[in-house]
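Trainee: I am new to this structure. Can we go through how to read its aromatic rings and its core?

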Amino acid sequence: MSDQNENQTVAIGLRLANGSFYPIFAENFRGSKRLLLTTVHDNQQSVQIDLYKGIGQELFEDAYIGSLVLENLPALAKGEVEIELLMGIDKEGNLHAQASEKTSGERQSLDVSLETLTGRANYEMPELDLEPSITVVSSQEHPNTLAGE
């Protein structure tokens, strides 16, 4: 990591279709955010949302958190399938993420203790057949509290 990154905050975010890191919130953030994601290919019927830690636009390859995979999405033009991602960190430091697509009813969730991830610097992302295939349309603070608070 470069010296300029030493003073920047570690963020939780996702890897976009172009491979870049999209920070959602700081690792010490408490609360939730709602993001609207979309497909990047015509007739794309599945997406893989990969969550990482990173700084700025740089994701840490050794800080993979987990993936959410939605399948059986409607075969529409790129950008027409909307996936809602609700992500947050509760007061105990647990990350909660839920992705859903209304038309198909597909939904997947992930709950991870960020504290247990700290000691897993060599944890590798599993080999999945899906490529990162999302873009962020919008992001906003979510007014509701997280489950478990």
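Trainee: Are F25 and F29 buried or exposed?

Mentor: This is a predicted model. In it, F25 is buried, and F29 is buried too.

Trainee: How is a pair of aromatic rings described?

Mentor: By the distance of the centres and the angle of the planes. Searching the whole structure gives two aromatic pairs. Take F25 and F29: their ring centres lie 4.8 Å apart and their planes meet at 15 degrees, so this pair is stacked.

Trainee: Which kind of pair do Y52 and Y64 form?

Mentor: Their ring centres are 5.6 Å apart, with the planes at 70 degrees, so the pair is edge-to-face. Y52 belongs to strand β4 and Y64 to strand β5, so the pair ties together parts twelve residues apart in sequence.

Trainee: Are those two tyrosines, Y52 and Y64, buried or exposed?

Mentor: Buried means under 20% relative accessible area. Y52 has 1% relative accessibility, so Y52 counts as buried. Y64 has 5%, so Y64 counts as buried as well.

Trainee: What sits over the ring of F29?

Mentor: The charged end of K33, 5.8 Å from the ring centre.

Trainee: Now the core. Which residues touch the most other members of the largest nonpolar core?

Mentor: That core has 26 residues, and I49, L51, I83, L85, M87 and L95 touch the most other members. Strands β1 through β8 each supply at least two of its residues. β6 gives the most, with four.

Trainee: What is L95 in contact with, leaving aside neighbours within four places in sequence?

Mentor: Its contacts include I12, F25, L51, I65 and M87. Also among them are L110, V112 and L114.

Key:
Residues numbered from 1 in each chain as written. Predicted model: local features only at pLDDT ≥ 70, side-chain atom pairs only at ≥ 80, totals over all residues. Heavy atoms only, no water. Core = buried A, V, L, I, M, F, W, Y, C linked by side-chain atoms within 4.5 Å. Buried < 20%, exposed > 50% of the residue type's maximum accessible area, 1.4 Å probe, protein only. Contact = heavy atoms within 4.5 Å. Phe/Tyr/Trp six-rings, centres within 6.5 Å; stacked < 30°, edge-to-face > 60°. Lys NZ or Arg CZ within 6 Å of the ring centre and 35° of its normal.
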